[in-house]
2 protein chains.
Amino acid sequence: MEFTKPRIEACFSPREFHQYEEGFELIVVIDVLRATSAICTAIEHGVKGIIPVDSVEEARDYLKKGYIAAAEREGKIVEGFPIGNSPFTYMNPEFKGETIVLTTTNGTKAIKIAQHKETVVIGALNNLDSLTEWLIDQNRNVLILASGWKDKFNLEDTICAGAIIDGVLKSGKFISDEDSSVAAKFIYKSAKENIFAYLKASSHRRRLRRLNLNADVKYCLTPNNLTAIPILKDGILVALKHVEKAVES
Amino acid sequence: MEFTKPRIEACFSPREFHQYEEGFELIVVIDVLRATSAICTAIEHGVKGIIPVDSVEEARDYLKKGYIAAAEREGKIVEGFPIGNSPFTYMNPEFKGETIVLTTTNGTKAIKIAQHKETVVIGALNNLDSLTEWLIDQNRNVLILASGWKDKFNLEDTICAGAIIDGVLKSGKFISDEDSSVAAKFIYKSAKENIFAYLKASSHRRRLRRLNLNADVKYCLTPNNLTAIPILKDGILVALKHVEKAVES
């Protein structure tokens, strides 16, 4: 008896999402530099939830209501906000147990575009192996949505998508069909020995270097320094392990 | 004294064109499988002009008026049309000096999207070196528009874009800035020794193989079997050499 294997595919930017989404109810959103790396870091370090919002105005409304709110545009913290999307910010012990509102140039936009789907989880190089293992167990079609840069293709998200696809395909339990998935896997394989060096030509890394954010970049490009998988529940990103525990009990 | 070098960039699908087009008045449209390979073949073999049209209906109107009209959708000749977009069709000596109307799934759509630009030329692997040399001489920003497959990224157009970018950058007279251009160059470099084998995973090659079009695919993936460069003049694709001669005289 033969079963059709589930598919794992990559979509390179939010603008293309509607071309790819049919048949996918499990979406992995990635924005390696830096939104999803920051979100994984926050959840790993005990932040209770991240509320992703589209606009700076919406984040400002939350701020006025007394929420901790983070806003980043063009790689910089937006004026009037206490924090942006540097992953190190979210290691602060003061944020343990807190819920933080977040808006970023690309990553939160991608999350919002996918939010109508059954399952939306957050991926980064930081939680690569943990995420890959979990995806293999799901036995469902997986679409990886790269946040890109202002609706354009970007290299770092493509490398991360390729790494996830490569890992999941190695299980032998999935297939890939789209050219974007094939390309992402090729790019990951040529980059994986030294992602930091490979990305020296990347436009966003150059952008962040100009802003003296090299430490952030190095952290975000380090695979498997985290294990948390954030998942969207009622509009809030929370730890998958808490959700799974709640289901079990 | 320093001059800023012109840029050569790649855009992966017509849907993303508006994200990339600012600052570019010279566009290279590519649809390797098979529209732009067929157009280059037609112009090389003496077809006077190709009129690209968006819809099958528009092509049918031309057909009724007595034009030779070609229509392809999903890799097949549309019912009621004498020809589709197989390059071999356009080697027919009967078409010498004729003007042919053409509509295809992706390629003609990409041409129409770019038609408001000052200069639109047609690229393929078939006319790679000839096109690359000409582009280097232009000393203008060049945007390569890949037709993709129904607004999705595709491998064969990306390889061709990467080949053009690689060739033009080797002159030392241009720069690339976009991540898409960097990725296209990487993909071309890993594919160039055997493009046909590299593309065995490509979704469109599989599609054409099912339609018994392997000979077409092999032809389209052969670099430099042509030298013609088609250019859009008043809505018709004609031989660049004729346009340049007319300007000189």
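Which residues of α7(B) are buried? Let's select them one by one, starting with some ground rules.

This is a predicted model, in which local features need pLDDT of at least 70 and side-chain atom pairs count only at pLDDT 80 or more, while totals for chains, interfaces and linings use all residues. Residues are numbered from 1 along each chain as its sequence is written, and chains are lettered from A and ligands numbered from 1 in the order in which they are written.

**Stop 1: α7(B)**

Select B:Asp179, B:Ser180, B:Ser181, B:Val182, B:Ala183, B:Ala184, B:Lys185, B:Phe186, B:Ile187, B:Tyr188 and B:Ala191: these are the buried residues of α7(B). Buried means 20 or more other C-beta atoms within 10 Å of a residue's own, with C-beta atoms placed from the backbone; 12 or fewer is exposed, and in between is partly exposed. Helices here are DSSP runs of H or I with at least four residues, and strands are E runs of at least two, numbered from the N terminus.

Next, show their surroundings: from chain A come α6, α7 and α9 (203-210), and from chain B come β1 (8-11), α6 (155-169) and α8 (195-198). Contact here means C-beta atoms, placed from the backbone, within 7 Å.

**Stop 2: α7 against α7**

Highlight A:Ala183, A:Phe186, A:Ile187 and A:Ser190, then B:Ala183, B:Phe186, B:Ile187 and B:Ser190, which make the contact.

**Stop 3: A:Phe153**

Move to the loop between β8 (142-146) and α6 (155-170) of chain A, where A:Phe153 sits. A:Phe153 is buried, with 30 other C-beta atoms within 10 Å. Leaving out residues up to four places away in sequence, its contacts include A:Phe12, A:Ser13, B:Phe12 and B:Ala183. A:Ser13 is 140 residues away in sequence, yet the C-alpha atoms are 6.0 Å apart.

**Stop 4: β4(A) and its partners**

Finally, select β4 (residues 68-73) of chain A with β6 (residues 99-103) of chain A: they pair in the parallel sense over four bridges. Strands pair if DSSP finds at least two bridges between them. Look for A:Ala71 opposite A:Thr103. On to β5 (residues 76-77) of chain A, which runs antiparallel to β4(A) and is joined to it by two bridges. A:Arg73 has A:Lys76 as its bridge partner, and in the hairpin A:Glu74 takes a positive phi near 55°.

How values were computed
Two residues are in contact if their C-beta atoms, placed from the backbone, lie within 7 Å.
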